[in-house]
Amino acid sequence: MASVNMIKPKARLSNSNILFLIAAVIFVLMYLFAIISFPGSFLQFQTFFDLFNLNAPLIIMTLGLCIVMIGGGIDISIGAVCGLVTMACAVFLESRMGSIGGAILISLGIGIAFGILQGYLIAYLEIQPFIITLSGLFLAQGLLTTLHKDPINVTMGAFVRLRDFDFVISWLGTKNRLGVFIPCEIKPGTIIVVILLVILASLMKWSRFGRNVYAVGGNSHSAMMLGINVKRTVFITYVISGLTAGIAGFVYIMTTGAGNVGNAAGAEMKAIASAIIGGTLLNGGVGNLLGAPIGTLTLLVINELIRAAGVQSNFQAMVSGLLLYFFIVLQSIIMSLRDRRRVSIALPPWLRFPGKGQVASQRQP
Amino acid sequence: MRTMKRSFSHLVLPISILLLLIIINLIKGADYFSITVVNGAFYGNIPNILFGASELVILSIGMTLVTAASRGQDISIGESATISSAVFVLFVLQAGEVTLLVIVVGFLLSCVVGLALGAFNGILVSVFKVQPMIASLILFTGGRSIAFMIDGKLSPILANDISNQIGTVIPGIPIQTPIILTVVFIVCIAMLFKTTNLRLYVETVGINPNAARLNGINPKKIIFLTFLIMGFCTAVAGFIAVNKAGRHDSVNLLKLIMMDAILAVAIGGNPLIGGKFSITGSIIGAYTIEVLNRTLLRLEIEPAMIKVFKAVFIIMLMIIASPVVRASIRKALDRVRTKNPTKGSAAMVSMVSTMDMIGEKGE
């Protein structure tokens, strides 16, 4: 890798990519470590897919949050909005006129409504995003408890079928203790994660909007000077974040099948942590959407590892805090080393770039 | 007159909100200010508000400093307070006979722990250049289980006369003790800012760390110092909270108070991206939040709806305070002024008002 860096011009590996690379390497190392220490469980493909199956809502939320964070903002209402959506869907599905299409519309509607409200206030009225999304969190929590307080288990036939539906990969699987072959199963939520990841990542990578978001997050003043509509860009990032929170809510209820006051509570902090582990900076302008699932998976693998190691429940939080500490310090050290190296090789390009070639050609004759 | 307006303009928002809330309370019932004397101490709405908001006030002072210097927020304050108060409770319970000396030593011990936790966050932020919210995420994740481990059992009970008096009233003094402690703390902080250059340094670092460094101020040191002060604030807040409650509940003690503290900082008119700050504003903001919570209870809103009302109130408040709305209000006022000019001085008036606007932007 180092040799590639030397030959290629410096600008090729941006901060977004190097942070993403760190995250990816850490994830792979983490998973290898998990496989080595617990080969029985982590070697199964189903374990890997279950990370997606059970945590699809968190990954989806992290995707939306990453876009907002690249744009230089923050959205801490996503967990509460997700919980509100699950409860609204559950109430709607249990009512007489419940239908799955209607539930999807409700979840998208709630998500977009929160996105538009917060986006308008933050982008066009220039209010601090933390305060607005914090009050969005209060609003969603309050609406949730106003709507219904007790847990609802959805019993509608069509929905139960959707909940229990999963794609079976017949050629991939493991034999259990009795020697019976069990194929791998993938929940629809995982498919939604993949589709959303592809759409949003390509949106951020190649579309004009995505590049505007990076520009605005990097420096909103110079973005404005370049003629980018800063306010609209910021507004759209929050709408996307709200939308993904709505989708996450529907996926959540599709996974658990119940509306509960505690659904997705505290998910915003998990999402922020995953986004950061995935290499998105809170300052904005730096980040790679592919890092969002990687960050989430790293966090989840840590939790799974702690659980598999049989650590006492009250130590789990401490261990995950310690590992978080490790990642954060590692990221910061790598970034600062990189800066230092750049400073030390601050030679003009005509000295640096063809350096080796020149020396070689001089020696040849 | 003009300088008066300049120096107090940032307090207009929090004070007007406080007044609005008090007016709402007075409309609900005229006996809002009534104070009764029970067992030689004052009780009533105002003392209760001062009593209830004491931890929040202390934490919001620390949060103001951290926000101003490091351009980010510490989200682990509730957890730090829980850990430091757990140490305090552990020390007091181990001591056997509880004397004033034991309490003081325990408090100093918890202050040391608070400073250590502040230093942990501060090193991450200043040396490793991690964003404050991320750096404190670590303690936020693991803090409560550390406190739980120190506790040993679920919630040790602090049953002795002295901590009971610290939590409620000392006989002979008519004011509840947490209020006195808060006032003492505020006075200490005020003395600190009157006698040192800390305010100038913190503001300089918050506005532009690189410029501060070029001017001979070490931003790392200043940021680290603000986190140390934050750690001290969390220790004091934890001390008050645990004495108030009478038992150490490591799961729920000061839970999610960082949201309220950040909100207090914002209501106080401080920008959350660092720079200039006003501690007075934050203190008023903290009391405003307490008044808001108690007003919602007093208006007998359904418990399930309280958060909705709180959210709507905060959103409306922020809309009124937002720079865009303020600018448009000022424009509208200018238009009114220019429409009925006195002796043809319309141009002058509009010029003065635009100068005003430019001056305000320059600040």
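Start by selecting D260(B) and K310(B): their side chains meet in a salt bridge at 3.5 Å, N to O (a side-chain nitrogen of Lys or Arg within 4 Å of a carboxyl oxygen of Asp or Glu). This pair joins distant parts of the chain, with D260(B) in helix α13 of chain B and K310(B) in helix α15 of chain B, 50 residues apart. D260(B) is buried at 15% relative accessibility, and K310(B) is buried at 9% (buried is under 20% relative accessible area, exposed over 50%, partly exposed in between; 1.4 Å probe, protein chains only).

A word on the model: it is predicted, so local features need pLDDT of at least 70 and side-chain atom pairs count only at pLDDT 80 or more, while totals for chains, interfaces and linings use all residues. Residues are numbered from 1 along each chain as its sequence is written, chains are lettered from A in the order in which they are written, and side-chain values use heavy atoms, leaving out hydrogens and water.

Next, pick R144(B) and E79(B), which form a salt bridge at 3.3 Å, N to O. Here helix α7 of chain B holds R144(B) and helix α5 (residues 77-94) of chain B holds E79(B), 65 residues apart. Both R144(B) and E79(B) are buried.

Now show both chains: 40 residues of chain B are in contact with 41 residues of chain A (heavy atoms within 4.5 Å). Across this interface the rule finds zero salt bridges. Colour α7(B), which gives eleven residues, the largest share of the side of chain B that touches chain A. By class, that side has 32 nonpolar, six polar and two charged residues.

Conventions: Helix = DSSP H or I, 4+ residues; strand = E, 2+ residues; numbered from the N terminus. Nonpolar A, V, L, I, M, F, W, Y, C, P; charged D, E, K, R; others polar.
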